[in-house]
Amino acid sequence: MTSPPAGAGGVAREAGLGKRETIPSPALARFGFFAVASFLATQAWAFVSSPPDRLMGHLQKIMYLHVPTAWAGMLAFAIVFVASVGYLWTRRDGWDRLALASAEVGTLLIAVTLVLGSVWGKPTWGIWWTWDPRLTTTAILLLMYAGYLALRAFVEDRDRAARWSAVVGIFAFVNVPIVYMSVRWWRTLHQVQSGPRTMDRNYLMGLAINSITILFVMAYLIARRAEVARLEQAVEAELEARAFGAAAPAGRR
Amino acid sequence: MHSNWSYVVASYLLTAAAIVGYTLYLRGRSREAAQQLTGERE
């Protein structure tokens with residue numbers, strides 16, 4: 001945790017950095033601890049309680065990571081969509097920060113999903129990667145949101161970056177239902193979604209609870225990233241104020 | 001029957017590295033921003 005020293009200025013106070021405040025806030029830090037602890041607990045429970053699969057053996061345990069990260073990643077992109085609409089509608093910075101944070105966390109989760117799928121695919125399918133529709137559409141999804149983040153990084157004007165990225169955030173979401181339906185539309189190598197009717201009970205509960213606890217981790221990371229964005233915007237405002245303050249006397253000379 | 005523990009262990013390690021690494025990255029950025037706002041004023 002970071003504690004700002006006493007004597008923080010007006011911009012620091014606007015950013016939520018009072019004398020006694022810490023980063024992250026105590027409530028967020030507690031939530032982070034809860035999120036990680038609950039995720040570790042449900043992973044451990046699923047790991048220990050599930051027997052090896054008849055065909056996959058212990059490789060089945062990768063499902064407790066691969067599937068929850070995929071669902072959480074797609075949910076994060078749904079938040080980007082909602083926050084982007086919210087920003088274009090209201091032009092409030094809070095929506096923009098939420099969109100940015102969700103895009104970054106979603107990109108991380110989908111990248112983890114692809115890597116874990118590859119690690120599972122090598123011993124199961126005999127290959128690290130194939131241009132299967134599910135894998136390909138997911139890779140395209142990752143590239144789209146990496147592009148979204150690149151756009152934000154390269155456009156210097158913050159308002160313009162927020163506007164343009166909100167438009168991209170809305171259109172990029174079109175690919176999420178395509179990824180979800182790809183295993184049904186083009187049935188090739190990747191199996192279709194499993195559900196209560198098709199899964200063994202031994203595995204169903206482990207998957208269900210890990211799909212919930214990964215959401216806590218996702219929510220914590222999004223909140224932390226949004227907090228960083230808020231601080232950095234405050235720094236930007238502070239630097240602008242300093243530059244303006246330095247330029248004003250020079251102008252008078 | 002396959003055991004393939006190395007792939008399972010690799011999956012957990014990669015996931016942990018991603019989450020912990022990203023959390024540390026955010027921690028570093030928030031510290032830097034907080035210092036710019038408060039600690040390093042001239």
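The lining of the second largest pocket draws at least two residues from each of three helices: α2 (26-49) and α8 of chain A, and α1 (5-39) of chain B. The model is a predicted one, and the pocket in question has a volume of about 520 Å³. Its lining numbers 25 residues. Those nearest the centre come from both chains: Gly32(A) and Val36(A) on one side of the list, Ile19(B), Val20(B) and Thr23(B) on the other. Helix α1(B) gives the largest share of this lining, with nine residues. Sorted by class, the lining holds 17 nonpolar, five polar and three charged residues.

On the side of polar interactions, the count between chain B and chain A is three residue pairs in polar contact, with both residues at pLDDT 80 or more. One salt bridge is found across the interface. It joins the side chains of Arg29(B) and Glu232(A), with an N to O distance of 2.7 Å.

Over all chains, the count of salt bridges comes to seven. Another of them lies within chain A, where the side chains of Glu236(A) and Arg158(A) meet at 3.4 Å, N to O. Glu236(A) belongs to helix α8 of chain A and Arg158(A) to helix α6 (residues 158-172) of chain A, so this pair ties together parts that are 78 residues apart in sequence.

The largest pocket remains. About 880 Å³ of space lies in it, and 39 residues line it. Nearest its centre are Met63(A), Val67(A), His190(A), Gln191(A) and Ser194(A). Five helices of chain A each supply at least two residues of this lining: α3 (63-90), α4 (93-125), α5 (133-154), α7 (175-185) and α8 (201-252). The largest share, eight residues, comes from α4(A). By class, the lining of the largest pocket has 24 nonpolar, eleven polar and four charged residues.

Helix α8 of chain A links these parts of the description. It supplies at least two residues to the lining of the largest pocket and at least two to that of the second largest pocket. Helix α8 of chain A also holds Glu236(A), whose partner Arg158(A) lies in helix α6.

Conventions:
Residues are numbered from 1 along each chain as its sequence is written. Chains are lettered from A and ligands numbered from 1 in the order in which they are written. This is a predicted model: local features need pLDDT of at least 70, side-chain atom pairs count only at pLDDT 80 or more; totals for chains, interfaces and linings use all residues. Side-chain values use heavy atoms; hydrogens and water are left out. A salt bridge is a side-chain nitrogen of Lys or Arg within 4 Å of a carboxyl oxygen of Asp or Glu. A polar contact is a pair of N or O atoms within 3.5 Å; within protein, one must be able to donate a hydrogen and the other to accept it, and residues adjacent in sequence count only if both atoms are side-chain atoms. On a 1 Å grid over the protein atoms alone, a cavity is a set of points where a 1.4 Å probe fits but cannot get out, and a pocket is an open set with protein on both sides within 12 Å along at least five of seven lines; lining residues have an atom within 4 Å of a point. Grid points are joined across faces, edges and corners, and a volume is the space filled by probe spheres set on the points. Helices (H or I, at least four residues) and strands (E, at least two) are DSSP runs, numbered from the N terminus. Ala, Val, Leu, Ile, Met, Phe, Trp, Tyr, Cys and Pro count as nonpolar, Asp, Glu, Lys and Arg as charged, and the others, Gly among them, as polar.
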